[in-house]
Amino acid sequence: MSDAPLVQIRNLSFSRGDRVIFDGVDIDIRRGSVTAIMGPSGTGKTTLLRLIGGQLKPDNGSVLLDGEEVQHLRRGALYRLRKRMGVLFQNGALLTDMNVFDNIAFPLREHTGLSEALIRSLVLMKLEAVGLRGARDLMPSELSGGMARRVALARAIAMDPMMMMYDEPFTGQDPISMGVLVRLIRTLNDALGLTSIIVSHDIAETCAIADDVYLLSGGKVVAHGTAEALGKSDSAWAQQFLNGEADGPVAFHYPAADYAEDLLQREHNN
Amino acid sequence: MLDSLQLLGRKGLEFFQRLGRGHLLLLQVLAGLPGLFLRFGLVIKQIYAVGVLSLVIIVVSGVFVGMVLGLQGYNTLVDFGAEESLGVVVALSLVRELGPVVTALLFAGRAGSALTAEIGLMKATEQLSAMEMMAVDPVRRVLAPRFLAGFISMPFLAAIFSAVGILGGYFVGVGLLGVDDGAYWSQMQDKVDMYDDINNGIIKSLVFGVVVSWIAIFEGNDAIPTSEGVSRATTRTVVHSALAVLGLDFILTALMFGE
């Protein structure tokens, strides 16, 4: 049991209206590892996290989380499972009507009958872990983007989850808070014995801490392996994505008629 | 022709889908109400936000509506030498109609729109989604307390509106226009019936409380999570609440007073 991957995604298909987002995706997340899911914007990376968290249901295939099939769980069981997951949302998603302390105490107060004294100690420990014990009385609107994300991280680990999911944790961060977050994600994962999933398109930062990397494009897993292995991958697409080249398998030009022809035809069409 | 038929069909379907979603949400909220009695602090906080903070607009409007009623009532009654009945006119108009209806309209504008905007923005900033992922049901934690608070606040606000309105009418009628002090109160006491007038007024405001709070939380929860979507949802809350209150008022009045 403990050797089985924490998350097993098999033949996952999902579409929104006519748009196919996933088409037969297989992903394994090993226990204790940091796994990165990367791909261009709009490849449904956030959707993948929602599918793992049971907020969306797949059209086909299955998501197995710690031996439980997420899409078939009843509400009670799903909520019990979610108490063991932490999610860091793209913008933090802090509750804006509470200060930092109450935000982190929120899941504890909702789910545990702990005394306020104990909750205080727990909250301060989580805040200390992200280096913001001094900011406990600030309101979310008074925090910088990087601080908000660290507070949200402290809230996500408040219930001591078995798994953390990070949705674009590095987007829009200055280099310092980016470095802080990179280090935090890795140390928290190892210190708390978590399993982490990072969804991102910040290649350098993500590759620096990921044990496993999945590259998604066009609804499929294009490449998979350690960061070094991917760097040597012979997939032209992977090379273009990892090196950030403007043209390649993903064309720079939106599909259009021949350029010269288009220019000459100006009088006829427009 | 075919296009307009298609449009009609689509709009019709959308309407019924929204109606269905609205009722489902109401059921979920109602199912969440019993749990709130264990955590009444959540409701108290919302009663402060939707009820207590609406007091200023309710009291000020109530005074002015009462003063206008006193003035208009006096001008009509004095022609028949019946200005002694001014107290009855003011009290009945307020308790039966204007109290519940105007309060509900003001409540929709002051508190309903705020509820919709708050919930819509919580949705847009992923706060509701984050709660779900923290295994906290946003319907029970966010929507139900707000709904219950609206339902509890409305009759109190309507009663306060009527009470200060009657004082406003007293100020104009007795204080400025010289109606007899004793006649104003005693005729009112004689003619305003506890069951027929006051209870029916309270029933009206309870119904309006349900409808306005329901519309407000539904629109917020159903808003498209963008700034434009939230602004449209807020507008819809005020418009739909006003229409629902006025329409329901006619139906309730017909049931209560239309022998």
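In what order do the strands of the open sheet of 4 strands in chain A run? The order is S2-S1-S4-S5, and the pairing is antiparallel. This is a predicted model.

**The sheet and its edges**

Strand S2 (19-29) and strand S5 (68-69) of chain A stand at the edges of this sheet. Each has a single partner strand, so one side of each is left without a neighbour in the sheet. Strand S4 (residues 60-65) of chain A is joined to S5(A) by 2 bridges. These two strands run antiparallel. A:Leu64 has A:Glu69 as its bridge partner in S5(A).

A:Gly86 finds its bridge partner in S7(A) at A:Met164.

Which residues of S6(A) point the same way? A:Met85 and A:Val87 point one way, while A:Gly86 and A:Leu88 point the other. All of them are buried. In a regular strand the side chains alternate between the two faces of the sheet.

**The nonpolar cores**

In soluble globular proteins, nonpolar side chains tend to be buried together. Here the largest nonpolar core has 95 residues. Those with the most contacts inside it include A:Val7, A:Phe22, A:Ile52 and A:Met163. Helix H4 (residues 86-124) of chain B gives the most to this core, with 15 residues.

Leaving out residues up to four places away in sequence, A:Met163 touches A:Leu6, A:Val7, A:Ile52 and A:Leu65, among others. Its contacts also include A:Met85 and A:Gly86, both of which belong to S6(A).

A:Asp212 and A:Arg155 are charged residues of chain A. Where do they lie, and how accessible are they? The table sets them side by side.

| Residue | Element | Relative accessible area |
|---|---|---|
| A:Asp212 | strand S9 (residues 212-217) of chain A | 10% |
| A:Arg155 | helix H5 (residues 145-156) of chain A | 5% |

Both count as buried, because buried means under 20% relative accessible area.

What touches A:Asp212? Beyond residues up to four places away in sequence, the contacts are A:Arg30, A:Val34, A:Thr35, A:Ala36, A:His224, A:Gly225 and A:Thr226.

A:Arg155 has partners in two chains. Neighbours within four places aside, they include A:Gly92, A:Leu95, A:Asn103 and A:Pro107. From chain B come B:Ala130 and B:Met134. A:Arg155 and A:Leu88 are 67 residues apart in sequence, yet their C-alpha atoms are 8.7 Å apart.

**Chain B as a whole**

How many helices and strands does chain B have? There are 9 helices and 0 strands. The C-alpha trace spans about 65 × 55 × 35 Å along its principal axes. Chain B has 259 residues, and 46% of them count as buried.

Take the contacts in chain B between residues at least 6 apart in sequence: 83% join residues at least 24 apart. Chain B exposes about 12500 Å², with carbon and sulfur atoms supplying 70% of it. The chain carries 16 positive and 21 negative charges. Their mean positions are 15 Å apart.

Terms used: Residues numbered from 1 in each chain as written. Chains lettered and ligands numbered in written order. Predicted model: local features only at pLDDT ≥ 70, side-chain atom pairs only at ≥ 80, totals over all residues. Heavy atoms only, no water. Core = buried A, V, L, I, M, F, W, Y, C linked by side-chain atoms within 4.5 Å. Buried < 20%, exposed > 50% of the residue type's maximum accessible area, 1.4 Å probe, protein only. Contact = heavy atoms within 4.5 Å. Areas by Shrake-Rupley, 256 points an atom, 1.4 Å probe, with all protein chains shown as cover. Charge placed at Lys NZ, Arg CZ, Asp CG, Glu CD. Pairing = 2+ DSSP bridges.
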